[in-house]
Amino acid sequence: MKKSVAAIASAIAISVAGAAYGDYPEKPISIVVPWPPGDLEDVLSRMIAEDLQETYGVAAAVVNKPGGGGGPFPGAIFVANAPADGYTIGSFVIAVPTIGHSIGIAELEPAKFDPLGIFLTYPFVLAASKDAPFSSMQELAEYARTNKVALGHFGAALAPTRTSFAYAKNAGFEWGSEAAFDMLDCNSLASGDADVVNTTLQLVLPCMDDIQFLASITDQRIPLIPDTPTLGELDESLNLALWNGLFVLKDTPEDAREKIIAVAKETVMSERAQKLAEDTGALVYWMDAEASEAQIEADIATLASIASILE
């Protein structure tokens, strides 16, 4: 029986499409980081780009498009406007997939991205000077009910900051004052600019002997400070971490996804990536796409709970 012209055309189209997908990648790859160069997600994304280039023989590079962690997410918008072909990858912090599609940014509505994998948990901590009149979150809560305690953070809209606000609300105290800083390091506590800082461990590593850690805002304890509890241990409703992962548009071919994942997973588990984790207190790992999707759904629920606490 002779095949119809339409059937033959369809078979050819499928064959050509399959060959095209199988050839991925055949042109430069961009990993979009919505932050300035130099932070943990940028360094790790550059490692992944280097390994993509070495593995597949095409140019691969990080493109920095700063715009903050609470919106308007210019980096995510850039990825959303790119073709769904795997050549433009987003290296996104938690806010993009959890709230980016629900805060009135038309380019991100409805949800545009699928996770390939989560690979980094930032080592956010709440820290105070060694001579502070409290040495735990419980003691801080008791002290702050009758004394003013100033909190320094990186922005009121960021997940770690909102978690700090929610802890205070649940623990029955108010921060005496709170303010955003461009940098929160050893000098921030030594100068008295803040009594408690919500910062990353790597920024205060040089003065670890002069400060005390009250809690970490991570979903597991940080290996460099194993005796410091997470906020989620102290208050189950606040089990949240600031993480970063790789994302692609929903229509991205499976072959492209698999090839990106294969390299990225190997990169983050490499000796050089794990050395970065050891040196900074960051948690560097690979969470697969399915587990990442479940993590996003859980975090959406937790962020909604935090929002209701803060109403």
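What you have here is a predicted model, where local features need pLDDT of at least 70, side-chain atom pairs count only at pLDDT 80 or more, and totals for chains, interfaces and linings use all residues. Residues are numbered from 1 along each chain as its sequence is written, and side-chain values use heavy atoms, with hydrogens and water left out. Helices (H or I, at least four residues) and strands (E, at least two) are DSSP runs, numbered from the N terminus.

**The five-stranded sheet**

- Let's start with an open sheet of 5 strands in the order β7-β6-β8-β5-β9, with mixed pairing; two strands pair if DSSP finds at least two bridges between them.
- β7 (177–180) and β9 (211–216) sit at the edges with a single partner strand each, so one side of each has no neighbour in the sheet.
- On average, neighbouring strands here are turned by 25° against each other, direction ignored.
- Helix α6 (residues 159–171) packs on this sheet and touches β5 (124–129), β6, β7 and β8, and its direction makes about 160° with that of β6. Contact means heavy atoms within 4.5 Å, while axes are lines fitted to C-alpha atoms, for helices over the stretch in contact, and angles run from 0 to 180 degrees between N-to-C directions.

**Who pairs with whom**

- β6 (residues 150–153) and β8 (residues 196–200) run parallel and are joined by 2 bridges, and Leu-151 stands opposite Val-196 in β8.
- β5 and β8 run antiparallel, with 5 bridges between them; Phe-124 has Thr-200 of β8 opposite.
- β5 also pairs with β9 in the antiparallel sense, over 5 bridges, and Ala-127 has Phe-213 in β9 as its bridge partner.
- β5 is mostly covered, as 6 of its 6 residues are buried. Buried means under 20% relative accessible area, exposed over 50%, and partly exposed in between (1.4 Å probe, protein chains only).

**Helices α2 and α11**

- α2 (residues 40–56) packs against α11 at an angle of about 170°, with the axes 11 Å apart.
- That makes the two helices roughly antiparallel (under 35 degrees counts as roughly parallel, over 145 as roughly antiparallel, 65 to 115 as roughly perpendicular and the rest as oblique).
- Residues making this contact include Leu-44 and Met-47 of α2 and Ala-273 and Leu-276 of α11.
- The contact residues split into 6 nonpolar, 1 polar and 3 charged. Ala, Val, Leu, Ile, Met, Phe, Trp, Tyr, Cys and Pro count as nonpolar, Asp, Glu, Lys and Arg as charged, and the others, Gly among them, as polar.
- Ala-273 lies in α11 (residues 271–280) and is buried, with a relative accessible area of 0%.
- Beyond its neighbours within four places in sequence, Ala-273 is in contact with residues including Thr-267, Val-268 and Val-284.

**The nonpolar cores**

- The largest nonpolar core has 84 residues, and Phe-113, Leu-140, Phe-173, Trp-175, Val-196 and Leu-246 touch the most other members. Such a core is a set of buried Ala, Val, Leu, Ile, Met, Phe, Trp, Tyr and Cys residues joined through side-chain atoms within 4.5 Å.
- Leaving aside neighbours within four places in sequence, Trp-175 is in contact with residues including Leu-140, Leu-151 and Val-196.

- Thr-88 is found in strand β3 (residues 88–93) and counts as buried at 14% relative accessibility.
- Not counting residues up to four places away in sequence, Thr-88 touches Ser-30, Val-32, Phe-78, Val-79 and Ala-82.
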